[in-house]
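User: I should like to work through a protein structure by means of questions and reasoned answers. May we begin once the sequence and the model are in view?

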Amino acid sequence: MIAGPGHGHPDNRTRARTGFATGVALALMCAWTPVSAQDAPRSLTPTARSSATWETPLVASSSELRDLVSRYSSDRQALQRRWNVAYSAVRRERMREFYESWQARLPRVGQADLGVEGSIDYVLLQNDLRYRLQRLDREAETFAGMAALLPFATSISDLVQARYAMQPIDPENSAVVLDSLIASVEAVQEQLEATLEEDGGSSAGGSIAPPAKIDAFRAAGVVEDLGESLEDWYEFYAGYDPLFTWWVEEPYTRAAEELESYREFLREKIVEIEPEGDEPIVGDPIGPEAIDIDLTHEMLAYSAEGLIEIAEREYAWCVDQLKQVAGELGFGDDWHAALEHVKSLHLEPGEQPQLVRELALEAVEFIRARDLVTVPPLAEEIWRMNMLSPERQKTSPFFLGGEVVQVVFPTDEMTQEQKLMSLRSNNVHFSRAVVHHELIPGHHLQGFMTARYNTHRRAFGTPFWGEGWALYWEMRLWDLGFPTTPEDKMGMLFWRTHRAARIIFSLKFHLGEMTADEAIDFLVDGVGHERSAATAEVRRSFNGSYPPLYQAAYMIGGLQILALHDELVGPGRMSEKEFHDAMLKGGSMPIEMHRARMTKVAPEWEFTPEWKFAER
């Protein structure tokens with residue numbers, strides 16, 4: 001077996017079985033030569049083209065539990081593929097059984113047999129199992145809110161699971177089940193229509209209580225998923241079993257049509273989504289108890305209120321800096337006016353891709369000149385660029401990134417107002433503060449390295465690492481003098497203010513202290529967003545596209561890494577490059593576990609987060 005890439009050297013037990021394979025891999029690496037200069041990708045710098053060697057050896061993870069975690073992750077994913085009907089009770093029961101069985105197995109691992117890396121994986125696995133069981137409870141509660149809208153869900157789940165279990169199909173009975181399903185869909189829609197007509201009153205026909213918009217919004221999504229599951233079930237048999245097709249084709253066709261009609265009814269009549277319009281902002285505050293559960297899972301020793309306090313402190317710092325830079329631009333302390341000036345400094349249509357390329361190369365040269373982090377030549381070679389569609393820009397008004405940077409800029413399909421707002425939101429100086437976040441040293445470099453080192457820890461992925469790393473670089477580059485003009489400073493400060501505001505509005509919303517409209521106003525007045533961009537931000541935060549803590553993860557994760565940097569690099573225990581390389585090689589996991597790894601202090605098995613990283 002060829003050892004996978006990881007951090008550090010194999011211990012004695014691993015060295016014997018990996019040494020030969022690693023030697024072969026290194027020999028192959030040394031024998032490899034780069035392509036000629038004229039064939040090299042244009043996006044590479046001359047330095048990258050002339051140095052196509054790997055700076056660090058390819059070695060296995062030193063965690064004794066690497067294989068155990070990989071087994072857990074693979075088994076979990078396999079079960080999720082098998083039990084894949086959305087919100088089905090049988091799926092929840094099977095996953096609960098799986099997690100509880102793993103919990104029972106963990107105590108068999110001896111603590112004395114594990115080093116720091118193994119202890120970290122033990123704590124991570126224990127933490128993940130506990131949280132996933134808690135999420136099953138939350139899922140059951142969520143479904144309970146939709147259950148009255150989905151009385152037919154179990155019928156579809158039963159059909160699908162019978163097929164997966166390879167039970168003999170009874171075509172005539174299947175037709176009966178589908179007829180019953182159609183009647184159930186029609187009945188619940190008629191009851192809801194009666195409820196709407198009576199404005200919430202009860203009717204002789206037995207109408208049901210008016211559902212909350214968030215429940216109807218979620219139910220519409222579940223109906224779509226159920227329709228796809230039913231289609232998959234039908235197509236497995238149709239045509240292959242003539243008797244099945246004879247009995248089932250007609251009722252299946254009607255059932256599919258009824259499900260789609262019902263989904264549209266929920267969206268248009270209950271949620272009040274215009275057929276060709278934008279989705280309304282429908283949110284569901286999870287409350288302080290659920291937030292505390294999520295914070296514990298993310299290994300944060302703070303309450304939601306504590307994180308809001310940190311964010312408000314950061315926000316105040318940002319506003320103070322904005323006023324200073326506004327003065328440099330000749331606007332006194334009127335930072336809103338200075339921001340309006342910077343927004344006007346955008347490119348002409350068609351020029352944005354070239355700007356992104358130049359900004360990407362600039363960031364790489366900046367960090368290479370200061371020897372801040374290892375940038376493998378392959379990472380420079382493979383990144384690419386796409387443009388976001390007008391539809392995607394409704395919920396993602398700014399760049400997205402990774403190996404493929406998703407560029408936002410107006411298209412010819414947009415209205416005049418949409419074009420102007422997109423131009424202003426993606427001006428030159430806002431873009432300069434985004435490209436390094438999305439590419440190198442941000443998300444792309446991060447994703448490149450975590451796909452090669454301690455890959456088993458992807459099972460414990462968290463936005464506090466994923467988004468925190470990219471946001472950390474925004475703060476670190478500010479400290480290193482990356483922005484040299486007042487306009488560039490304004491661009492970086494806009495985004496930093498935005499990250500602080502995200503913590504405030506998202507957590508206050510989930511605590512029931514801020515509405516969606518208030519959050520939009522806050523982003524417009526308190527950050528300087530265009531209203532369309534602010535609306536898109538709030539929509540994607542509240543409509544279930546992101547977990548409740550996701551928007552807080554950017555700055556909080558960045559502050560965690562910055563605090564760890566001060567702890568290790570400040571007193572000279574590590575160089576900048578050693579610190580950043582070690583962070584990248586640790587894998588995807590909560591930052592407190594990176595701290596344990598880099599300080600070489602194994603976490604207690606009965607781990608409770610205690611690190612007060614913001615008390616600096």
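User: Leaving aside its neighbours within four places in sequence, which residues is glutamine 161 in contact with?

Analyst: This is a predicted model. Glutamine 161 belongs to helix α6, residues 153-164. Its relative accessibility is 10%, and because buried means under 20%, glutamine 161 counts as buried. Beyond the neighbours within four places in sequence, its contacts are Arg82, Trp83, Val85 and Val90.

User: How many helices and strands does the chain have, and what percentage of its residues is buried?

Analyst: The secondary structure of the chain comes to 25 helices and two strands. The chain has 616 residues, and the buried share of them is 53%.

User: Which residues have the most contacts inside the largest nonpolar core?

Analyst: In soluble globular proteins, nonpolar side chains tend to be buried together. Here the largest nonpolar core has 92 residues. Within this core, the residues with the most contacts are Leu307, Ile367, Phe579 and Phe613.

User: Not counting residues up to four places away in sequence, which residues does isoleucine 367 touch?

Analyst: Isoleucine 367 is one of the residues with the most contacts inside the largest nonpolar core. Not counting residues up to four places away in sequence, isoleucine 367 touches Leu372, Val373, Val375, Ile440, Pro441, Trp473 and Leu477.

User: What is omega for the cis peptide bond that joins isoleucine 440 and proline 441?

Analyst: Most peptide bonds are trans. Proline 441 lies in the loop between α17 (428-438) and α18 (443-450). The bond joining isoleucine 440 to proline 441 is cis, with omega about 15 degrees.

User: How many residues are there in the helix α3, and what span should they have?

Analyst: Helix α3 covers residues 66-82, which is 17 residues. At 1.5 Å a residue, and counting one less than the number of residues, the helix should span 24 Å. The end C-alpha atoms agree with this, because they are 24 Å apart.

User: Which parts of the chain does the aromatic pair of phenylalanine 509 and phenylalanine 542 tie together?

Analyst: The structure holds 31 aromatic pairs. Among them, phenylalanine 509 and phenylalanine 542 are stacked, at 3.7 Å centre to centre with 15 degrees between the planes. Both phenylalanine 509 and phenylalanine 542 are buried. Since one lies in helix α20 (residues 486-510) and the other in helix α22 (residues 531-542), the pair ties together parts that are 33 residues apart in sequence.

User: Is serine 541 buried or exposed, and which backbone oxygen does its side chain reach?

Analyst: Serine 541 is found in helix α22. Its relative accessible area is 6%, so serine 541 is buried. Not counting residues up to four places away in sequence, serine 541 touches Phe505, Tyr546 and Gln551. At 2.8 Å, its side chain reaches the backbone oxygen of glutamate 537.

User: Is methionine 299 buried or exposed, and is lysine 600 buried or exposed?

Analyst: Most residues other than glycine have a negative phi. Methionine 299 has a positive phi, near 60 degrees, and lysine 600 has a positive phi of about 60 degrees. Methionine 299 lies in the loop between α10 (287-297) and α11 (304-328), whereas lysine 600 lies in the segment after α25 (591-599). With a relative accessible area of 1%, methionine 299 is buried; with 65%, lysine 600 is exposed.

Technical notes:
Residues are numbered from 1 along each chain as its sequence is written. This is a predicted model: local features need pLDDT of at least 70, side-chain atom pairs count only at pLDDT 80 or more; totals for chains, interfaces and linings use all residues. Side-chain values use heavy atoms; hydrogens and water are left out. A nonpolar core is a set of buried Ala, Val, Leu, Ile, Met, Phe, Trp, Tyr and Cys residues joined through side-chain atoms within 4.5 Å. Buried means under 20% relative accessible area, exposed over 50%, partly exposed in between (1.4 Å probe, protein chains only). Contact means heavy atoms within 4.5 Å. Helices (H or I, at least four residues) and strands (E, at least two) are DSSP runs, numbered from the N terminus. Rings of Phe, Tyr and Trp (its six-membered ring) pair if their centres lie within 6.5 Å; planes under 30 degrees apart count as stacked, over 60 as edge-to-face and the rest as tilted. A polar contact is a pair of N or O atoms within 3.5 Å; within protein, one must be able to donate a hydrogen and the other to accept it, and residues adjacent in sequence count only if both atoms are side-chain atoms.
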